[in-house]
Every structure is written in C-alpha cells, then in structure tokens.
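Subject: Structure for you to look at

Hello,

Here is the structure I said I would pass on. Please open it alongside this email, and my notes follow below.

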Amino acid sequence: MNGELEKIFGFYASGSSIFVRKDFLQSSYVPKELPYRDDLVKQLAQILAPSLRLEKPSNVFVYGKPGTGKTAVTLFVGSQLQKMAKDKNIPVRFIYVNAGLKKVADTEYRLYAHLCRMLGEFIPDTGIPTHTVFEKLIHLLESNPSIYLMALDEIDVLVNKSPEALYTLSRINSELKNSKVSIIGITNDFNIINTLDARTKSSLSEEELIFSPYDADQIYEILKERDSAFTPGVLGDSVIMLCAASAAKEHGDARRALELLRISAELAERETSMKVLKKHVQKAIGKLYSDKIISFVTTLPDHQKLVLQAIFDLDKPLSYTRDIYEKYVELSVKSGLKELTMRRVLDILGEFESSGVVRTSVISRGRYGRTKIVELITVDNIKEQIEKLLVTI
Ligand SMILES: Nc1ncnc2c1ncn2[C@@H]1O[C@H](COP(=O)(O)OP(=O)(O)OP(=O)(O)O)[C@@H](O)[C@H]1O
Ligand SMILES: [Mg+2]
C-alpha cells in the first residue's frame, strides 16, 4: 500500500481519535456551566421566577452581539425553571422558538402553526386561514391553563418577515382568561426594537438584558471548560489561546471560538496528528474567513457585485475609490444597469469594509488633497470561486 494511505488508514484503524465527545463542541449543546454569565443567569431567573407563583412575569428583551451566550443562557434558565415547575406540579411551560430557522416564522401562519405543534396539535403547512390557526392557538393555551414563557429567539427575523405576528403576540393576554403568556425576545440586532411601534416596543421591553462581548481571557476559560471534548493531551494552552484571541477580535464571539477549535482539531486529525498545533488553527482561521467571504458574495445584490467586480478587475493591491467608481460605471453600462452615484458606491465600500472584504484608508496626495484607497483583503485561495459568483449578474 502507498505509504501515505497506510498512514491515514492506520491512524483511523488504530482507533486513534482527537475527539472523545465531539458533541460538546456543537452549537446545540448547552453546557452545565456558563462562566461569566452568572449575573445574567440570575437576573433572567429573577425576572421569570414569579411564574412559579402563577404570576405573569414581565416580558424581557435580550440583546447582545453574536456568540455572547444569549441563547445558551435563555435555554439554561428556561430548562431549570421548567424542571422545578414539573417537580412541584406548577403549571408553567417554557417554549423556545428559533424564528431564524427556515419555515418557522417567516409568515404569521407558520409561526402560529409552529406554536400549535409545540403545544401538541398538528397543523398542516398551508390550507387553513391564518385567523383560524390563531384561534386554535388561543384554544390550546386556554385549555391547558398555565403561565407560558415564550422565548422568541432571533426575533429580528420576525420583525422583518411577519411583524403582525409579533404585534398580535405582544397583545395575546387580552384574548386569554385562564392562561398568561410572557415573551422573552432575543436578538443581536440592536436597532430592531426601534423599528417597532411604540406600544409593542414598550410592551416587549418591560425588562432588558444586555450581553456584552467576551474578552480573550474569558473566551480562553470558556474553551478550557470544553476540553473534555478532546482526548487528554491533544490540546495545548497556546492553541486555546490562539483561538480565543482570534475570536476576541471578532466581537468576542464564543461560537466562533468553539468552531475554530473544532475545525483546527479536524484539520489535525486529517493530518493524522494527535496534537492540535498552531498551524492547524491558522489554517482553520483561513478556512472560516474564506467561508464567510463566499457566503457574503453569494448573497450580494447586483450593484454590490459590480463594485466588487470592479475592484477585482483593477487587479491592484491598492485602488483609488475614483478608479473603482469609473470601472464600476463601465461594468454597469455593460450589464445594462443604471449606475448608482459615487455616494452610494462609497456606502457600498463601507459595507464591504464592515464585512471584512476590504480595508480602506485615507492617504494624502500632496497638493491633490486627501483620497481614500481600498485594499482587497487577501482572498487568493478563493479568488476564482468569487469571480465565478460575480459573473452571474
Ligand atoms: N459563558 C459561556 N460558557 C460556555 N459556553 C458559552 C458561553 N457563552 C456562549 N457559549 C457557547 O458559545 C456558543 C454561542 O453562544 P449562544 O448560541 O448562546 O450565542 P448567542 O448570543 O445566542 O449568539 P447569536 O446572536 O449569534 O444567536 C454556544 O455554543 C454556547 O454554548
Ligand atoms: Mg442565539
């Protein structure tokens, strides 16, 4: 057998594995300990606890950047409370809905149908008038008198796709006699609440919890807590530190840190190494970055694609915004699209910058004044893939 293959197959056949409990690294896994979130866990518990005395808790809005533990804390508190209620036979039900998942809450109908299903009644995907599904929901809530704690995760999706549903749910208690509903709205979009009408806004945010980003030391500890996912000895401290530092730069995102650790370990395993090394982390950082850019480019509207195409076509390490604009106008004409103004194109470049596709800086050109230059962040390994995506205008 070819030596290289023998090494690969031999490694797997020997039963060697970097992971012992890979599921500990999955995003659906809720750890028993949530370091640095004790205060928020306690605050949420205090807000929801009156339900155990059959009083309706205040509605709560939970905000924070991605990966700061909002979902984990809500599920943790909700499940503990549910457990206590069950043990003591108190009619409290914690219901968790992720509105960001496909087909859960993209229409009012779907959300009510989903809630009915969670309460035990099957509703088909279509075919019933929306108000009838809502009446069924009311009937289900009433026929099982309880305090319902309804966590609506990624509530921004609901605000954008079916604001009527949120409006109706925020007033649902006026339709109920035997039961009460409290809403826990969760989002990483700080501005979303301001797009709601004043009454819905104040009703939903009777209480607010803010999750701040983790710093590198905190992410380090969070990752350390998961080391039981790995065979002892495969993870060195410096590797954990590197993952933590990289995620701390990305607004303190614990999800990204865990992902980075998992991908690094998978890359090590693929190389039949029983140790995760810094080079594996570096490679994983590159991979995550490429994936992010590719999904960003895939969803770009046409004009944004043309602006990016213009930067590619100029093919320079640094380009002047004026040159990018000229190239962009040329490409727009070719594609039969009416070009946007320079102002809009500058905004688009700003969006590219916040998404990590380009870096911009202002330089002085002596007596010609100051000008902005744009630098494409290295995407050599995926340049071709991106260009393919761009030609689909
Ligand atoms: N304090 C913590 N201790 C242990 N694990 C944590 C902690 N905070 C977050 N995590 C883990 O990090 C990942 C991301 O957390 P979570 O899903 O709660 O983020 P989020 O704030 O809901 O983000 P998003 O806005 O993107 O939904 C999860 O796997 C979670 O278990
Ligand atoms: Mg979440």
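Which residues in α10 are buried? They are V239, I240, L242, C243, A244, S246, A247 and A248. Before going further, please keep in mind that this is a predicted model.

α10 runs over residues 237–249, which makes 13 residues. From its first C-alpha to its last it reaches 19 Å, close to the 18 Å expected at 1.5 Å a residue. The cover over the buried residues of α10 includes α9 (216–225), α11 (254–270) and α12 (278–298). Just after α10 comes H251, which takes a positive phi of about 40°.

Now the chain as a whole. The secondary structure of the protein chain amounts to 16 helices and 8 strands. Its C-alpha atoms fill a box of roughly 70 × 60 × 45 Å, taken along the principal axes. The protein chain has 393 residues, and 33% of them are buried. Among contacts in the protein chain with a separation of 6 or more, 68% are between residues 24 or more positions apart.

The protein chain is divided into domain 1 (38–211), domain 2 (218–296) and domain 3 (300–390). Taken over C-alpha atoms, the centres of domain 1 and domain 3 are separated by 42 Å.

Next, a pair of helices. The axes of α4 (residues 108–118) and α5 (residues 130–143) come within 9 Å and cross at roughly 25°. Angles under 35 degrees count as roughly parallel, so α4 and α5 are roughly parallel to each other. Their crossing is left-handed. On the α4 side, the contact is made by E108, Y109, Y112, A113, L115 and C116. On the α5 side, the residues are T130, V133, F134, K136, L137 and L140.

Last, one residue in a strand. S364 has its place in strand β7, which covers residues 358–364.

Regards

Terms used:
Residues are numbered from 1 along each chain as its sequence is written. Chains are lettered from A and ligands numbered from 1 in the order in which they are written. This is a predicted model: local features need pLDDT of at least 70, side-chain atom pairs count only at pLDDT 80 or more; totals for chains, interfaces and linings use all residues. Helices (H or I, at least four residues) and strands (E, at least two) are DSSP runs, numbered from the N terminus. The expected span of a helix is 1.5 Å times one less than its number of residues. A residue is buried if 20 or more other C-beta atoms lie within 10 Å of its own, exposed if 12 or fewer, and partly exposed in between; C-beta atoms are placed from the backbone. Two residues are in contact if their C-beta atoms, placed from the backbone, lie within 7 Å. Domain bounds come from an automatic or database domain assignment. Axes are lines fitted to C-alpha atoms, for helices over the stretch in contact, and angles run from 0 to 180 degrees between N-to-C directions. Angles under 35 degrees count as roughly parallel, over 145 as roughly antiparallel, 65 to 115 as roughly perpendicular and the rest as oblique. A crossing is left-handed if the near helix is turned anticlockwise from the far one by less than a right angle, and right-handed if clockwise.
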